[in-house]
Amino acid sequence: MPTTVVLNADQTIIVEHELHFTMVDGKVCSALSSYQSSQRCYICGASPKQMNNTPDMTGREVDATMLKFGLSPLHAWIRCFECLLHIAYRLDVNKWQIRDEKDKKLVEERKKNIQDRFREEMGLLVDMPKQSSGNTNDGNTARRFFREASISTNITGIDINIINRLRVILETLSCGCAINIKAFGMYAGETRELYLNKYSWYYMPVTLHKLLVHGEDAIGHCIIPIGQLSEEAQEARNKDNRRF
């Protein structure tokens, strides 16, 4: 229903409302799409293997109706942070899936070393389970990781250019200002090429694929700057929702 505001006897303003379902995360988007697996991109249907294969992504059909959900900027910070963490844990073995017992031991030892260094050098608890639910990987931890790129790359061994470029992309999406769509698309494409050149053995998670491949289209689909469609307001009320 439109909202009617009467200013005076001869002046009335009618405001029509248009609701956009953007305060969602990847799980909700996957559930609303035609794909059952959360590891598939709900926009183009690409599987993890296809996301890292440039020929498979060329000319791939996109479901434009799924672009209306935005890019969930807050969760994007966390998912990109976790992606780089999981790559860092595996740098001694360069494998996406760890099945061999020897490899598992190497990964666990490196993970423990990285967690200890984050705590000692940056005061961050990384990938630690929380007593209530989930873990310590939140938006503030992710932003600190990307902001202090030189320390983060020294601890993890991740290429500093990857960290800096993802920070630029994530800050751009969160700024709430109008974005040069073409420039963003070119920058995201270059970042994807750098990622594949360095870490093609680690299948790109859906969130990172969505930013680097579909980010340009998603931004262009929004009627206002995409940073103003963040799910952060909803996330801030999670404690209240649980209490209610």
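Predicted model: local features only at pLDDT ≥ 70, side-chain atom pairs only at ≥ 80, totals over all residues.

Trainee: What share of contacts join residues at least 24 apart?

Mentor: Among contacts between residues at least 6 apart in sequence, 62% do. Contact here means heavy atoms within 4.5 Å.

Trainee: Helices next. At what angle do α4 and α8 cross?

Mentor: Helix α4 (residues 73-89) and helix α8 (residues 160-174) cross at roughly 170 degrees, and their axes come within 9 Å. That makes α4 roughly antiparallel to α8. Axes are lines fitted to C-alpha atoms, for helices over the stretch in contact, and angles run from 0 to 180 degrees between N-to-C directions. Under 35 degrees counts as roughly parallel, over 145 as roughly antiparallel, 65 to 115 as roughly perpendicular, and the rest as oblique.

Trainee: Which residues in α4 meet α8?

Mentor: Pro73, Ala76, Trp77, Cys80 and Leu84 do, and on the α8 side their partners include Ile162, Leu166 and Arg167. By class, this contact of α4 with α8 has 10 nonpolar, 1 polar and 2 charged residues. Ala, Val, Leu, Ile, Met, Phe, Trp, Tyr, Cys and Pro count as nonpolar, Asp, Glu, Lys and Arg as charged, and the others, Gly among them, as polar.

Trainee: How do α4 and α5 cross?

Mentor: The axes of α4 and helix α5 (residues 101-122) come within 8 Å and cross at roughly 125 degrees. That makes α4 oblique to α5. From α4, Leu85, Ala88 and Tyr89 meet α5 residues, among them Val107, Ile114 and Phe118. The contact of α4 with α5 divides into 6 nonpolar, 1 polar and 2 charged residues.

Trainee: Switching to the strands, how many bridges join β1 to β2?

Mentor: There are 5 bridges between strand β1 (residues 3-8) and strand β2 (residues 11-15), which run antiparallel. Two strands pair if DSSP finds at least two bridges between them. A hairpin joins β1 to β2 through 2 residues. Asn8 has Gln11 in β2 as its bridge partner, and Val5 stands opposite Ile13.

Trainee: How many aromatic pairs does the structure hold?

Mentor: It holds 8 aromatic pairs. Rings of Phe, Tyr and Trp (its six-membered ring) pair if their centres lie within 6.5 Å, and planes under 30 degrees apart count as stacked, over 60 as edge-to-face and the rest as tilted. One of the pairs is Tyr195 with Tyr199, edge-to-face at 6.2 Å centre to centre and 65 degrees between the planes. Being 4 residues apart in helix α9 (residues 181-199), Tyr195 and Tyr199 are separated by about one helical turn. Tyr199 also pairs edge-to-face with Trp201, at 6.5 Å and 90 degrees.

Trainee: Which residues form the aromatic cluster?

Mentor: Trp77, Phe81, Phe118, Phe145 and Phe146 form one cluster.

Trainee: Where is Tyr202?

Mentor: Tyr202 is in the loop between α9 and α10, and counts as buried at 8% relative accessibility. Tyr202 and Cys83 are 119 residues apart in sequence but 9.1 Å apart in space, C-alpha to C-alpha. Leaving aside neighbours within four places in sequence, the contacts of Tyr202 include Cys83, His86 and Trp96.

Trainee: Last one: is His214 buried or exposed?

Mentor: His214 is buried, with a relative accessible area of 2%. His214 lies in helix α10 (residues 206-221). Not counting residues up to four places away in sequence, His214 touches Cys41, Ile43, Cys44, Val62 and His209.

How values were computed: Residues numbered from 1 in each chain as written. Heavy atoms only, no water. Buried < 20%, exposed > 50% of the residue type's maximum accessible area, 1.4 Å probe, protein only.
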